[in-house]
Amino acid sequence: MTVNLTVKSIVQQIRAGSLTPTAVAEAYLQRTKTIAQKLNTHLHLDEAAALTEAKGSAQRIKEIGADRLPLAGVPILIKDNICVRGSKTTCGSKILENYVATYDATVIKRLRDAGAFVLGKLNMDEFAMGSSNENSAFGPVRNPWNLDYVPGGSSGGSAAAVAARLAPVALGSDTGGSIRQPASFCGIVGLKPTYGTVSRFGLVAFGSSLDQIGPLTCNVEDAAMVMDVLTGQDANDSTSVQHPHGGFAKALANDSGGLKGKTVGIPEEFFDSGLDPEVGACLERAIADVQKAGAKIKRVRLPNISYSVAAYYVIATAEASANLARFDGIRYGYRTKENGVSLKELYRKTRSEGFGQEVKQRIMLGTFVLSSGYYDAFYAKANKVRELISRDFAAAFDSGVDLLLTPTSPTPPFKLGEKLSDPLAMYLSDICTIGVNLAGLPGISVPCGRTKSGLPVGMQLIAPKFNEQTLLTGAHAYERATEWHKDQPAI
Amino acid sequence: MSRIQVDRELVRKVADLAQLSLSDSEIGLYQERLSKVLSYVEQLDSVHESLGQDWRPDTARGTLESSTPERPDVVLVSLPVEEAMRQAPARIGTAFQVPRIIE
Amino acid sequence: MNAPQNGTKTSRPSEAPVNKSQESTVLDRYEPVIGLEVHCQLKTKTKLFCGCSTSFGAMPNHNTCPICLGHPGVLPVLNREVVNFAIRFALAVEANIHETSVFARKQYFYPDLPKGYQITQFDLPYCTGGKMMLASGKAVRLMRAHIEEDAGKNVHGDESSYVDLNRAGVPLIEIVSEADIRNPEDAADYLKRLRSLVRSLDICDGNLEEGSFRCDANISIRPRGQEKFGTRCEIKNLNSFRNIERAIKYEILRQADLLDHGEKVLQQTMLFDAASGKTQAMRSKEESHDYRYFPEPDLLPLRINAARVEEQRKVLPELPEAMAGRFQEQHGLSPYDAAVLTSDKDLANFYEAVVKRVAGAVTEKIVANWVTSEYLREANNRSWDFINPPITSNHLGELIELIGKGVISGRIAKTLFEEMAEKGPGNGPKALVQEQGLVQVSDTSEIRNVINKVLDDNPGQLTEYLGGRDKLFGFFVGQTMKVSGGKMNPQLVNDVLKELLDARRKV
């Protein structure tokens with residue numbers, strides 16, 4: 001059974017009275033029951049809870065009126081590192097296997113206030129650490145285009161679910177590419193907002209100076225509609241800022257120019273010999289399409305971008321090592337079952353048993369780079385390199401470029417198990433997306449083709465800070481000109 | 001390999017700091033993996049940055065005009081103690097229980 | 001009771017005896033170098049980074065929320081009032097307030113530290129420098145002060161420990177002095193004055209027993225004349241001014257003893273055992289923590305501009321030093337009395353209330369005398385506080401006014417005061433004086449009669465006095481007082497006695 005709805009069409013039909021939130025929920029839940037298990041997208045699928053949420057949405061519509069609710073009746077799947085009060089929030093980890101969130105993330109409040117409702121919680125790489133969703137304590141997620149392949153990560157569940165039409169939109173989180181890369185692997189749209197424009201309150205922290213929550217959708221317009229609701233300064237998040245623009249959906253609807261007259265920069269460094277030839281071919285065609293749509297192409301350089309993965313893995317793991325120190329089995333979460341342990345053993349057994357391998361590795365790396373004697377060489381240095389990378393991006397934009405265009409991933413989706421043995425191989429698959437997080441810029445991935453074996457390839461557009469508008473209109477124009485977004489996996 | 005000697009001793013020391021206990025084989029595994037990653041990360045050394053004496057990553061955040069946001073000193077309703085304790089793996093009364101801390 | 005001691009040293013039998021001569025030779029040979037760290041809990045209504053109440057004495061974990069419990073996904077937001085209080089402190093000690101300061105994570109694992117890190121300030125604290133003046137006139141330089149969050153509390157049972165996170169997240173300022181202090185008495189004085197200061201500023205309760213004012217001492221010694229500093233030890237959590245002095249004294253001797261025997265002083269963290277009077281190294285093996293400080297990514301830098309500092313300067317209350325100066329200048333008090341009175345905000349307020357009530361019937365000096373001797377003695381012995389004592393400023397004022405108006409003598413007043421202290425104020429001094437018939441005799445003719453009788457009854461002494469033994473004047477005063485039951489106006493007695501003696505001379 002297919003569900004051919006989008007965020008936009010749901011809102012329209014809710015407002016027209018031809019759909020109710022419960023009907024929408026039921027349709028998606030029905031489809032989920034037959035498919036989710038194959039993909040392993042869902043953690044704790046709670047039908048009753050979902051229907052209660054749908055009723056809540058209906059109630060709000062009744063009280064406020066669907067016309068005043070920008071996401072009236074829209075069901076949303078939530079990555080399991082975002083707190084939904086009363087619901088399990090596991091972060092894909094054994095150490096939070098049974099943890100129930102005690103408060104709602106700000107984004108959840110905003111979505112519900114806008115008439116949307118929570119449909120379920122999604123699988124992910126443990127604590128958002130991974131690029132393939134193979135690091136979950138609850139089993140890997142599979143790519144709906146080919147079950148032997150990874151959906152990308154860490155928001156693998158989010159991307160696979162949306163691609164498989166188990167919801168019109170899912171929330172993911174992006175620290176080094178975790179929304180964009182899985183969006184690209186699953187042939188859908190994924191947007192990482194400018195750092196600070198979407199509240200992180202309620203997002204279980206991984207890399208605090210890099211994390212952002214963002215939408216994964218089937219098309220650009222839907223992403224704009226959800227962004228309208230997600231963005232906004234939050235008193236609970238000291239790093240959040242008021243987006244100076246907003247009104248993304250409206251601006252998109254009113255935009256007539258699209259890519260006409262825009263200058264799109266192509267950073268040389270992303271198109272070198274390291275690029276998979278199939279990805280290269282798709283991107284070549286995409287660049288041509290972008291030109292056809294009226295944009296001017298300009299070659300630019302980001303001289304320090306090759307250091308981005310190194311800088312990222314110092315900064316993100318350092319912050320993560322501190323963020324994950326709270327998981328100690330004392331106040332909540334998993335505690336070792338062994339009896340008669342000393343305090344030290346309690347800490348060590350709990351954490352060693354509760355965390356997976358990748359998480360432990362990154363905690364140790366982060367601990368090391370902050371440790372006495374190494375701070376200057378690693379953490380301090382990485383932050384300086386980060387500033388250089390930010391300035392590179394700024395310089396590129398200053399040279400008259402409106403958008404940068406790159407592949408989202410240097411490779412197409414890979415097979416489950418393919419990259420597990422070599423830590424670097426996995427880390428390097430983030431090379432196109434990581435710099436965007438380091439610089440705090442907004443970035444979007446849109447589908448731009450497929451490999452010969454039918455696997456999706458994504459293109460990334462990057463805009464200056466607070467320029468989601470340009471990002472969205474550019475992506476929208478490309479989407480209209482090419483229609484890759486209309487394809488669905490056959491699942 | 002890495003210029004920093006990632007030996008078993010270092011792995012053990014870092015695991016200790018992070019309150020992780022590793023089996024002997026795990027130490028070997030992480031030694032290998034961390035060594036690889038660290039070796040890659042060490043390339044940061046070769047970056048020549050000309051950001052100037054005064055630029056510091058910690059003070060460069062936000063803007064000169066805006067300070068970290070502040071909230072008024074007004075009491076908000078706390079979590080009911082039942083909620084606070086509900087998921088405690090071990091408790092006595094309304095206190096979290098841990099093995100005897102030796103000072 | 002936190003009234004100042006008058007420098008008398010009492011030695012209780014149960015303490016480790018300090019051999020006075022041992023102590024003095026040690027101090028001849030070694031110079032103590034002492035630095036002090038104080039953690040002051042700021043008395044804001046809510047915690048540093050969340051809206052939980054800071055009220056003391058709540059049942060365990062009743063003042064907690066996801067933020068201070070360290071639940072996943074929470075973020076800190078700074079309490080405005082904490083910054084205001086911190087600025088006031090910096091102004092009061094004339095520290096240099098930095099326009100930009102940065103919060104940092106200090107990482108270690110301990111059950112009372114819910115996040116596994118403490119948010120504090122490291123590289124860039126909000127103020128550096130400043131000074132505290134001691135009674136001796138010496139200035140102790142401050143190194144820095146910074147804002148940080150408190151940890152929770154662990155209570156230890158036999159097999160388990162219990163964690164209460166009510167205190168986790170309570171705001172602190174940590175005040176670090178330079179190692180300028182050279183003796184234990186100055187250390188105690190510094191801490192008393194610091195405590196008095198933060199209480200005057202109304203930013204901290206200064207309650208050592210409750211833990212709102214926690215003192216750690218860093219002590220090293222060096223042979224006199226040597227420039228190089230010795231190895232220092234830190235003594236943590238000294239919970240009374242008495243124990244601070246005792247601990248520092250013991251530690252000096254301990255270190256001297258080691259050096260005298262050619263041994264090295266190890267850098268250790270010590271705890272003071274009040275029962276034995278000795279410092280002992282803490283048992284924890286991990287002496288050197290690697291705190292892995294890094295800037296707190298969830299907060300932006302704290303920027304304090306000149307306008308904000310001025311705002312806070314305007315609301316500063318009168319500080320102890322200024323008040324002491326005012327007492328000296330306007331009330332004519334001695335520096336000593338001024339210092340004693342201003343060592344505690346509440347005592348100073350009490351004194352001023354008494355002055356007001358007395359309304360000029362006697363000089364402020366006399367009031368000060370009463371407060372610092374009679375009143376303080378009783379307050380000390382009976383553990384009165386100065387905010388709601390059983391004998392109020394009104395009572396004391398009334399009593400002193402009676403002296404000023406000549407209704408009772410000073411001596412009678414003292415006796416009456418002691419009685420009121422013991423039995424309660426009853427209906428007040430005026431009423432008590434009436435009830436007990438203590439009104440002093442000021443009738444000159446009656447006085448004359450009594451004195452004449454005294455002179456007549458003591459012919460021998462009279463002759464001696466007239467012969468030149470002036471000292472016997474006091475004898476006659478004493479006799480007069482005895483006969484009159486002390487109820488005669490002493491000034492009048494003096495005057496009349498003089499007059500009558502002179503008259504007899506002429507005879």
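## A residue in a loop of chain A

C91(A) sits in the loop that runs between β2 and α4 of chain A. Helices and strands here are DSSP runs numbered from the N terminus, with helices being H or I over at least four residues and strands being E over at least two. The model is predicted: local features need pLDDT of at least 70, side-chain atom pairs count only at pLDDT 80 or more, and totals for chains, interfaces and linings use all residues. Residues are numbered from 1 along each chain as its sequence is written, while chains are lettered from A and ligands numbered from 1 in the order in which they are written.

Is C91(A) buried or exposed? C91(A) has 31 C-beta neighbours inside 10 Å, so it counts as buried. The rule is that a residue is buried if 20 or more other C-beta atoms lie within 10 Å of its own, exposed if 12 or fewer, and partly exposed in between, with C-beta atoms placed from the backbone. The backbone of C91(A) also deserves a look: its phi is near 55°, a positive value in a residue other than glycine.

## Helix α4 of chain A

Follow the chain onward to helix α4(A), residues 106-113. This helix is largely enclosed by the rest of the structure, because six of its eight residues are buried. Those six are T106(A), V107(A), I108(A), R110(A), L111(A) and R112(A).

What do the buried residues of α4(A) pack against? Their partners in chain A are the helices α3 (47-64) and α7 (220-230), together with the strands β2 (75-79), β3 (117-122), β4 (169-174) and β6 (212-217). Just after α4(A) comes G115(A), with a positive phi of about 100°.

The loop between β3 and α5 (156-163) of chain A holds S154(A). The peptide bond that leads from G153(A) to S154(A) is cis, and its omega is near 10°.

V401(A) belongs to the loop between α13 (376-398) and β9 (403-407) of chain A. With 24 C-beta neighbours inside 10 Å, V401(A) counts as buried. Leaving aside neighbours within four places in sequence, V401(A) is in contact with T263(A), G265(A), K298(A), V300(A) and A396(A); a contact means that the C-beta atoms of two residues, placed from the backbone, lie within 7 Å. V401(A) and P464(A) are 63 residues apart in sequence, and their C-alpha atoms are 9.4 Å apart in space.

## Where chain B touches chain A

How many residues does each chain bring to the contact between B and A? Chain B brings 33 residues and chain A brings 44. On the chain B side, α1 (8-17), α2 (24-41) and β3 are the elements that give two or more residues. Of these, α2(B) gives the most, with seven residues.

This side of chain B has 22 nonpolar, five polar and six charged residues. In this count Ala, Val, Leu, Ile, Met, Phe, Trp, Tyr, Cys and Pro are nonpolar, Asp, Glu, Lys and Arg are charged, and the others, Gly among them, are polar.

## Where chain B touches chain C

Here 33 residues of chain B are in contact with 43 residues of chain C. On the chain B side, β1 (70-71), α3 (81-86) and β3 (95-99) each supply at least two residues, and β3(B) gives the most, with five. The residues on this side are 17 nonpolar, nine polar and seven charged.

Strand β3(B) also pairs with strand β11 (residues 160-164) of chain C, in the antiparallel sense and over four bridges. Two strands pair if DSSP finds at least two bridges between them. Within this pairing, Q97(B) stands opposite Y162(C).

## A look around chain C

Chain C has 16 helices and 18 strands. Buried residues make up 45% of its 507 residues. Taken along the principal axes, the C-alpha atoms of chain C fill a box of roughly 100 × 55 × 50 Å.

One open sheet in chain C has three strands in the order β6-β5-β17, with antiparallel pairing. β6 (117-121) and β17 (294-295) stand at the edges with a single partner strand each, so one side of each has no neighbour in the sheet. Strand β5(C), residues 103-107, pairs with β6(C) over five bridges, and R105(C) has I119(C) as its bridge partner.
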